[in-house]
Amino acid sequence: MKNQVVRSVSSIVFYVVIYLLIQTVVTLLIVFAAPLLRGEGMDRALEAIRSGGMSLDGQLLGVAYVLSSLLTIGIFVKSHWAPVSRAYLAARPWAALCWVGLFTLGTILPSEWIVERINVSMPEHMEQFFEQIMGSPAGYLAIGILAPLAEEIVFRGAILRTLLKLFDSRLHWVPIILSAFIFGGMHLNLAQFVHAFAIGLVLGWMYYRTDSIVPGVVLHWVNNTVAYVMFNLMPQMADGKLIDLFHGSDRLMTGGLLFSLCILLPSLYQLTFRLRK
């Protein structure tokens, strides 16, 4: 048993390191190559490396995110660190996936409200990073499609799957919490940690119930798609508060939150029955 624990913990640390290494190396390669492709010379390329990539525009950041996600998916699937199966989709769980989408829509306003009540915000450089990616043509491919797939493969398909093997099924909530904590920690700032940890709990529960990353990918995709659409339709909301969405009316905001709960709670009820292996 002790050897199994050591092997599992080592595997989880290895997955995290590989995930971070892929992101870092791909980004640095793009940072280094961009000035050379523009004919600015080696000195400018080295200066870009020293600046940590802050000189990259949104398009190149989007390309770096796309490439790192594709590489992550390819390596984890090819190495069987996150086994891929069609078994869940073969059961045609379309109704369950629709409820996953509705549940996700119902969480967006309440989760933003909670984050604002906690009064934590992203570091300025992280806000600029996401704003640049969101505003680029490759932004949706990176944030909306590939990031959900890559992150579910790593954090649920590899890390949570490994953790679940260490615990009795009656203690399944322990690996779910641990994987959510790791998922939140990978975002490297408190504001995103709070949101990612909460979402990670739901994603972990969905994986445990279905033995599949598909529901998690759907939730992740809907969540990121809404964020992308909101940013591009209402860029002024990027540094605003939830109440600004309702033109400063507390009454309208309260109505919006109640309406969200009217979607969220029935969806959660349905998912407790429909999410099955």
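Predicted model: local features only at pLDDT ≥ 70, side-chain atom pairs only at ≥ 80, totals over all residues.
Visitor: What share of the residues is buried?

Guide: Buried residues make up 43% of the 277 in the chain. The accessible surface comes to about 14900 Å², and carbon and sulfur atoms account for 67% of that area.

Visitor: What about contacts between residues at least 6 apart in sequence: what percentage join residues at least 24 apart?

Guide: That figure is 76%.

Visitor: On to α7. Where does it bend?

Guide: Helix α7 covers residues 139-164 and bends by about 45 degrees at L146. A proline, P148, follows within four residues.

Visitor: Why is α7 described as largely enclosed by the rest of the structure?

Guide: Because 22 of its 26 residues are buried.

Visitor: At what angle do α7 and α8 pack?

Guide: At about 145 degrees, with the axes 9 Å apart. Helix α8 spans residues 173-185.

Visitor: Is the crossing left-handed or right-handed?

Guide: α7 passes α8 in a right-handed crossing.

Visitor: Which residues meet there?

Guide: From α7 there are E151, F155, R156, I159, L160, L163 and L164. On the α8 side they meet P175, I176, L178, S179, I182 and F183. By type, the residues of this contact divide into 10 nonpolar, 1 polar and 2 charged.

Visitor: Why would residues three or four places apart point the same way?

Guide: An α-helix has 3.6 residues a turn, so residues at that spacing point the same way.

Visitor: Changing topic, S8. Which helix is it in?

Guide: S8 is in helix α1, which runs over residues 2-37.

Visitor: Buried or exposed?

Guide: S8 counts as buried, because its relative accessibility is 9%.

Visitor: What does S8 touch?

Guide: Leaving aside residues up to four places away in sequence, S8 touches T162 and L166.

Visitor: Then L29. Buried or exposed?

Guide: L29 also has its place in helix α1. With a relative accessible area of 54%, L29 is exposed.

Visitor: How far apart are L29 and A64 in space?

Guide: They are 8.6 Å apart, C-alpha to C-alpha. In sequence, L29 and A64 are 35 residues apart.

Key. Residues numbered from 1 in each chain as written. Heavy atoms only, no water. Buried < 20%, exposed > 50% of the residue type's maximum accessible area, 1.4 Å probe, protein only. Contact = heavy atoms within 4.5 Å. Areas by Shrake-Rupley, 256 points an atom, 1.4 Å probe, with all protein chains shown as cover. Bend = angle between axes of the 7 residues up to and from the residue. Helix = DSSP H or I, 4+ residues; strand = E, 2+ residues; numbered from the N terminus. Axes fitted to C-alpha atoms, helices over the stretch in contact; angles between N-to-C directions. Left-handed = near helix turned anticlockwise from the far one by under 90°. Nonpolar A, V, L, I, M, F, W, Y, C, P; charged D, E, K, R; others polar.
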